[in-house]
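Me: I should like to learn how to read the features of a protein model in order. Could you take me through one, from the whole fold to single residues?

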Amino acid sequence: MELIILGATSNICKIRVFENLNQIHQNIKSVTCISRKNYSQEEWKEYIISLSIKNFNLLDKINYLQSNYQLSEYQQKLGPLVSDNTIIYVCTPPCCYQELIEFINNIDKGTLVLEKPLSLTYEHYLDLKPSFSPRVQMIDHFLYKFDIQKVITDFNEPIEDIHFRFLYTDDVEDRLGYFDQTGFFIDMFQSHFLSILYCFIKDEIEILKKGYIQIDRKQYENYGGENSDTDTYFYLKITCKEKIFIFEAG
């Protein structure tokens with residue numbers, strides 16, 4: 001497998017992606033890491049080493065490429081690198097997705113893997129939807145967490161009430177650029193929580209549209225971002241006939 005990581009300096013890459021890729025290093029031929037920062041090859045390898053990943057086996061397979069997130073640079077810099085076996089994993093904000101999808105559809109090679117959120121509004125998603133093609137795959141990494149997979153696999157009883165609760169001890173001060181645009185509700189609810197819920201109740205998820213919704217969204221004190229409306233915590237309760245669904249994160 002040939003892998004391209006777009007947005008390789010993102011927080012999710014720093015804390016998760018490289019470590020997880022190391023677990024399947026035998027299946028990876030090369031990794032091209034891309035961001036807007038101007039690293040030399042040596043500086044990039046020093047950055048990877050600084051992440052202190054135990055028994056890291058991918059170092060000799062990793063290369064770095066500086067690129068801005070725009071169609072002309074994708075065509076010039078990514079185009080020559082993409083083959084039918086190439087996977088482009090995207091760790092950029094959703095504002096970059098439109099041109100990335102256009103790029104992969106035009107060259108008709110490789111696979112583009114998009115993470116949540118696909119857009120910041122439903123209207124923007126509807127604008128994006130017609131450009132989806134078999135070259136574009138969408139994933140939610142929460143579904144691949146071992147504990148969540150275990151619960152989904154082992155639980156076979158009918159669900160009357162369910163409470164999703166993800167409360168963190170860390171703040172989001174190292175992700176302010178992202179959270180100023182999204183907030184916890186967009187980051188967690190419409191992808192992570194609903195994806196997990198769907199695995200439990202499948203087509204019953206349609207009942208959420210008819211439910212009674214109560215929601216509370218807050219921001220912790222001394223939040224360092226510029227958007228005073230950004231939520232760093234939310235509590236959402238949906239009552240659907242005799243079923244209750246509660247979603248909480250922050």
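Reply: The discussion that follows treats a predicted model, beginning with the whole chain and ending with single residues.

Me: How many helices and strands does the protein have, and what are its overall dimensions?

Reply: The secondary structure comprises 8 helices and 10 strands. Along the principal axes, the C-alpha trace spans about 55 × 40 × 35 Å. A compact globule of 250 residues would have a radius of gyration near 18 Å, and the 20 Å of the protein agrees with that.

Me: What share of the residues is buried, and what share of the contacts joins residues at least 24 apart?

Reply: Of the 250 residues, 42% count as buried. Among contacts between residues at least 6 apart in sequence, 70% join residues at least 24 apart.

Me: How is a sheet to be read, and in what order do the strands of the open sheet lie?

Reply: In general, the strands of a sheet pair through backbone hydrogen bonds, either parallel or antiparallel. Here, 4 strands form an open sheet in the order S7-S10-S9-S8, with mixed pairing. Strand S7 (161-166) and strand S8 (212-218) stand at the edges; each has a single partner strand, so one side of each is left without a neighbour in the sheet. From one strand to the next, the twist averages 5°.

Me: How many bridges join S8 to S9, and which residue is the partner of Tyr212?

Reply: S8 and strand S9 (residues 233-240) run antiparallel and are joined by 7 bridges. Tyr212 has Thr239 in S9 as its bridge partner.

Me: Which helix packs on this sheet, and which strands does that helix touch?

Reply: Helix H8 (residues 183-201) packs there, touching S7, S8, S9 and strand S10 (243-249). The direction of H8 makes about 140° with that of S10.

Me: What does the span of H8 show, and where is its kink centred?

Reply: An α-helix has 3.6 residues a turn, so residues three or four places apart point the same way. At 1.5 Å a residue, the 19 residues of H8 should span 27 Å; the end C-alpha atoms are 26 Å apart, which agrees.

Me: Where do Asn55 and Asn222 lie, and are they buried or exposed?

Reply: Asn55 lies in the loop between helix H2 (41-50) and strand S3 (62-66). With a relative accessible area of 59%, Asn55 is exposed. Asn222 is found in the loop between S8 and S9, and at 74% relative accessibility it counts as exposed.

Me: How is the setting of Ser30 to be described, and with which residues is Ser30 in contact?

Reply: Ser30 belongs to strand S2 (residues 30-35). Its relative accessible area of 21% makes Ser30 partly exposed, since buried means under 20%. Leaving aside neighbours within four places in sequence, Ser30 is in contact with Met1, Glu2, Leu3 and Lys61. Asp60 is 30 residues away from Ser30 along the chain, and the C-alpha atoms of the two are separated by 8.7 Å.

Key
Residues are numbered from 1 along each chain as its sequence is written. This is a predicted model: local features need pLDDT of at least 70, side-chain atom pairs count only at pLDDT 80 or more; totals for chains, interfaces and linings use all residues. Side-chain values use heavy atoms; hydrogens and water are left out. Two strands pair if DSSP finds at least two bridges between them. Helices (H or I, at least four residues) and strands (E, at least two) are DSSP runs, numbered from the N terminus. Axes are lines fitted to C-alpha atoms, for helices over the stretch in contact, and angles run from 0 to 180 degrees between N-to-C directions. Contact means heavy atoms within 4.5 Å. The expected span of a helix is 1.5 Å times one less than its number of residues. The radius of gyration is taken over C-alpha atoms; the globule rule is 2.2 Å times the number of residues to the power 0.38. Buried means under 20% relative accessible area, exposed over 50%, partly exposed in between (1.4 Å probe, protein chains only).
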